[in-house]
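Subject: Structure handover

Hi,

Here is the structure I promised to pass on to you. My notes on what turned up in it follow below; please have a look whenever you get a moment.

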Amino acid sequence: MASTTGASAAPLLSRRALNRATLDRQLLLERSDALSPKDAVAHLLGLQAQNVKPPYFALWSRLAGFRPEALSALMEAREVVRMVTLRSTLHTHTADDALTLRPLVQAARERELNAFRKGLVGVDTERLGAIVRALVEERPYSMGELRVELLKEWPDADPFALSVAARCVLPLVQVTPRGLWGRGGAVALTTVEHWLGRPAGPTPTPDATVLRYLGAFGPASVKDMQTWSGLTRLGPVFARLRPQLAVFRDENGVELFDLPDASRPDEDTPAPPRFLPEFDNLLLSHADRARVVPPQHKGCAWSGNQAHRTLLVDGFLAGIWRIEERKDGSALLTVQLFESLSTARRAAVTEEAARLLADMTAATSYDVRFGEFVGGQG
């Protein structure tokens, strides 16, 4: 579709149409049997990874035949890594993206330091970076160990602020076995260059990253891209790219950009139920989350600061879930719905939950039930 100028003249994308387009880019309308786990991580520009299991559940819902050992093998081979990048949160990235996306968002990480300046009075961040690099490239250090060493240099500084400065100034990765499926491991850090054995690549242009973002999260607005990346002032980048983009508007009149040849399925395209991990990027990568989160369910996936694993039904947030793996070898998946479902949709959710338990737990027997575990019986 040809680009147009001005949101008012652009074709309208209904909320459901926007939902289906985004789900399609996110591999959630139909599981991909063509992409490898590594290719999927690259296509999605990383997977949210504050906790160990979310990247595994994220790929299970997106790839046909996925088994968690496949992602663990990539981590052990250092083809993917866990590190702080987008929005100052841990992500699982391919090695190539780890060496390029982090430099792209480095300015945002340095701005983050402004919130901790009171605890960093007298701290030379350039020297701090040199000290940390020398330490962690000799052997991986925990954050606690780094704080001890940095306090020797700056005894009056705030210990937490020093640790924040370390991960903001340097691209630190969590080394394995941390992050491996079914294996424990304390957080230990080294630089991404040292871990991968090669220097950081050229910083990608914002233009190239905008195009990749649209391929994974589009159609999207300038503010959406800024929310996903933590970058600011991307308006001129989109303006520069406008001649090669398709332009739409949403139901609120907000201008949306997209790749001209990208798939935009009909709004009535079936969307099967999907179980997503806590912090899945589908729910965190747009300024306006209404394309996935109905207004009446805004905030329902959170309890205070705790994010719950989420359930999509007909493409939209419809509930939360949890798994209890028991000592007797059984497992229970509990689904807490936000509103009642038809018999057919409830059966589809149950079938998908049973597949998840079979594939993603070692349980010898398992069950699915509907009930409350937040604000209810549990």
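The charged end of R139 sits over the ring of Y141, 3.8 Å from its centre. A charge counts as sitting over a ring if NZ of Lys or CZ of Arg is within 6 Å of the ring centre and within 35 degrees of the ring normal.

Before going further, a word on conventions. This is a predicted model, in which local features need pLDDT of at least 70 and side-chain atom pairs count only at pLDDT 80 or more, while totals for chains, interfaces and linings use all residues. Residues are numbered from 1 along each chain as its sequence is written, and side-chain values use heavy atoms, with hydrogens and water left out.

Now the rings. There are 10 aromatic pairs in the structure, where rings of Phe, Tyr and Trp (its six-membered ring) pair if their centres lie within 6.5 Å, with planes under 30 degrees apart called stacked, over 60 edge-to-face and the rest tilted. Y213 and F217 make a stacked pair, 5.2 Å centre to centre with 20° between the planes. Both belong to helix α12 (residues 206-217), 4 residues apart, about one turn of the helix; helices (H or I, at least four residues) and strands (E, at least two) are DSSP runs, numbered from the N terminus. Y213 is buried at 0% relative accessibility, and F217 is buried at 0% as well. Buried means under 20% relative accessible area, exposed over 50% and partly exposed in between (1.4 Å probe, protein chains only).

F238 and F257 have ring centres 5.1 Å apart and planes at 50°, so this pair is tilted. It links distant parts of the chain, with F238 in helix α14 (residues 235-241) and F257 in strand β7, 19 residues apart. Both F238 and F257 are buried. One aromatic cluster is formed by Y56, F57, W181, F275 and W321.

F275 and W321 turn up again in the largest nonpolar core, which has 35 residues; they are among those with the most contacts inside it, along with L59, L333 and L356. Such a core is a set of buried Ala, Val, Leu, Ile, Met, Phe, Trp, Tyr and Cys residues joined through side-chain atoms within 4.5 Å. Elements that each supply at least two residues of this core include α3 (54-60), β12 (316-325) and α15 (343-360). A second, separate core of 23 residues includes L135, L146, V164 and C168.

Helix α1 (residues 15-25) has 8 of its 11 residues buried, so it is largely enclosed by the rest of the structure. Its buried residues pack against α2, α12, β7, β11 and β12. Just after α1, L27 takes a positive phi of about 65°.

Finally, the sheet. It is open, with 5 strands in the order β1-β3-β2-β4-β5 and antiparallel pairing; two strands pair if DSSP finds at least two bridges between them. β1 (47-48) and β5 (189-191) stand at the edges with a single partner strand each, so one side of each is left without a neighbour in the sheet. Strands β2 (residues 80-84) and β4 (residues 172-174) are joined by 2 bridges, and M83 stands opposite V173 in β4.

Best wishes

Notes:
Contact means heavy atoms within 4.5 Å.
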